[in-house]
Amino acid sequence: MTTTFDRLAAGSTIGILGGGQLGRMLAVAAAELGFDCVVYEPEADCPAGRVAAKCFTAAWDDQEALAAFADCVDVVTFEFENVPAPSLAFLAERTSIRPGLKSLQLTQDRLDEKQFIQGLGLETAPYATCDTLEALERAVGTIGVPAILKTRTLGYDGKGQFRLSQISDTAEAWAALGGKPAILEGFVSFEREVSVILARAVDGSFAAFDVTENVHQGGILRTSTVPAQISEALGTKAVEAASQIAAALDHIGVLAVEFFVVGADQLVVNEIAPRVHNSGHWTQDGCAADQFQQHIRAVVHWPLASTKRHAPQVVMNNLIGTDVEAWADLAGQPDTFIHLYGKRAVRDGRKMGHVIKI
Ligand code: AMP
């Protein structure tokens, strides 16, 4: 059951756990609706902290800082799912958390997530748990190659993953992941990748943006295009699956579900993100109210906004590493809108910004 939660009035304060680009764009969206944001992030000088009313720079297990943070906010949300669950539980005793602990905890562990998805009757890639090198060798025997070894926790943007193309890769794969508990996933031979970005409100209603088609390189999202080249029926099925997941988590806020499309009409759930998502950035210039505003609306218990797209096609390209050096050229291109994250240093594979072409 969803608990009742009074609407927060403009002027209230939203706490954001995590100070990266997603937190930054959430804070800007919150400001547009008249809210103040306070960011909590262990790293100093973070992108979100520089657009927020206040920023706590403290470790995730600093209970004094967490308590002070809880004292100055009316609700807490998070921009990434690797906030340690005990920190969120500590905050939950002091203030409202949206989305809740269940969404965070479930998506922190790939094994729990896969079991949960299958428990809902949805399909995942074939997988096996690998806690030892011997278990990995057995798993390769059952699942075969190609396959991907993924750490159960703390992976993102292709990190914590190793692709096995032959059976003899097992020892190298196991060493590459540092012997951490992992799952081996069979390689899904997909036609395309799509994602659903939806927001679920306190009353259980939800609003989904148009299904997005995504292209990844080296495990990192490069491009999102809307509309996705799939049938209307498959799009409806994807949205139904995502809303089923959101409801089962009693999720409040934006949730993203990434799928592999196999053949013309088979959907395999790849991953759930209990937060705003890179594949939803196109909504910033493609919709009147973007995923960030939608998340804030859900979290403060305001009505959800329309998810209507206002351009026939929208394409979002990430600016990764040195891509960002082309900012001056990109800023001058017609019908193209550049968004930069305010990161101080360019690093290989680091998301620095994105451009949206409508
Ligand atoms: P992940 O971080 O697990 O979402 O993986 C990032 C990207 O790697 C995905 O979006 C896919 O492009 C690719 N990938 C991950 N797992 C698989 C799989 N089991 N089969 C095929 N491609 C995969």
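**A loop, a helix and a ligand**

Asp45 counts as partly exposed, because its relative accessibility is 41%. The model is predicted, so local features need pLDDT of at least 70 and side-chain atom pairs count only at pLDDT 80 or more, while totals for chains, interfaces and linings use all residues. Residues are numbered from 1 along each chain as its sequence is written, and side-chain values use heavy atoms, with hydrogens and water left out.

Stay with Asp45. The residue sits in the loop between β2 (36–41) and β3 (54–57). Helices (H or I, at least four residues) and strands (E, at least two) are DSSP runs, numbered from the N terminus. Asp45 is not a glycine, yet its phi is positive, about 60°. Its side chain has a partner: Asp45 and Arg50 form a salt bridge, with 3.1 Å between the closest N and O atoms. A salt bridge is a side-chain nitrogen of Lys or Arg within 4 Å of a carboxyl oxygen of Asp or Glu. Arg50 has a relative accessible area of 32%, so this residue is partly exposed too. Arg344 joins Asp45 and Arg50 in a network of salt bridges.

By this rule there are 12 salt bridges. Another one pairs Glu93 with Arg94, where the closest N and O atoms are 3.7 Å apart. Glu93 is exposed, because its relative accessible area is 66%. Arg94, at 41% relative accessibility, counts as partly exposed.

Which residue forms a salt bridge with Glu271? The partner is Arg110, and the closest N and O atoms are 2.8 Å apart. This pair links distant parts of the chain: Glu271 lies in strand β15, Arg110 in helix α5 (residues 110–119), and 161 residues separate them. Glu271 is partly exposed, because its relative accessible area is 25%. Arg110, at 8% relative accessibility, counts as buried.

Now follow α5 itself. A side-chain oxygen of Asp109 comes within 2.8 Å of the backbone nitrogen of Leu111 at the start of the helix. Buried residues in α5 are Arg110, Leu111, Glu113, Lys114, Phe116 and Ile117. An α-helix has 3.6 residues a turn, so residues three or four places apart point the same way. After α5 comes Gly121, with a positive phi near 85°.

In the side chain of Gln161, an N or O atom is 3.1 Å from a ligand oxygen. For Arg163, the distance from a side-chain N or O atom to a ligand oxygen is 3.4 Å. The ligand has 480 Å² of accessible area on its own, and the protein covers 96% of that. Such areas come from the Shrake-Rupley method with a 1.4 Å probe.

How many residues surround the ligand? There are 16, and the closest are Lys150, Glu185, Val188, Glu193 and Asn270. To be near a molecule, a residue needs a heavy atom within 4 Å of it. The shell divides into 5 nonpolar, 5 polar and 6 charged residues. Here Ala, Val, Leu, Ile, Met, Phe, Trp, Tyr, Cys and Pro count as nonpolar, Asp, Glu, Lys and Arg as charged, and the others, Gly among them, as polar. Four strands each supply at least two shell residues: β7 (147–151), β8 (161–164), β9 (182–186) and β15 (266–273). The ligand lies between domain 2 (126–186) and domain 3 (192–357), because both give residues to its shell. The domain bounds come from an automatic or database domain assignment.

Two cis peptide bonds come next. One joins Val145 and Pro146, with omega about 0°. Pro146 belongs to the loop between α6 (133–143) and β7. The other joins Val226 and Pro227, with omega about 5°. Pro227 belongs to the loop between β13 (220–226) and α8 (232–248).

Finish in the loop between α11 (327–331) and β17 (336–340), where Pro334 is found. Pro334 counts as exposed, because its relative accessibility is 59%. Its C-alpha atom is 8.3 Å from that of Lys357, 23 residues away along the chain. Asp335 is in the loop between α11 and β17 as well. Asp335 is not a glycine, but its phi is positive, about 55°. At 47% relative accessibility, Asp335 counts as partly exposed.

Terms used. Polar contact = N/O pair within 3.5 Å; in protein donor to acceptor, adjacent residues only side chain to side chain. Buried < 20%, exposed > 50% of the residue type's maximum accessible area, 1.4 Å probe, protein only.
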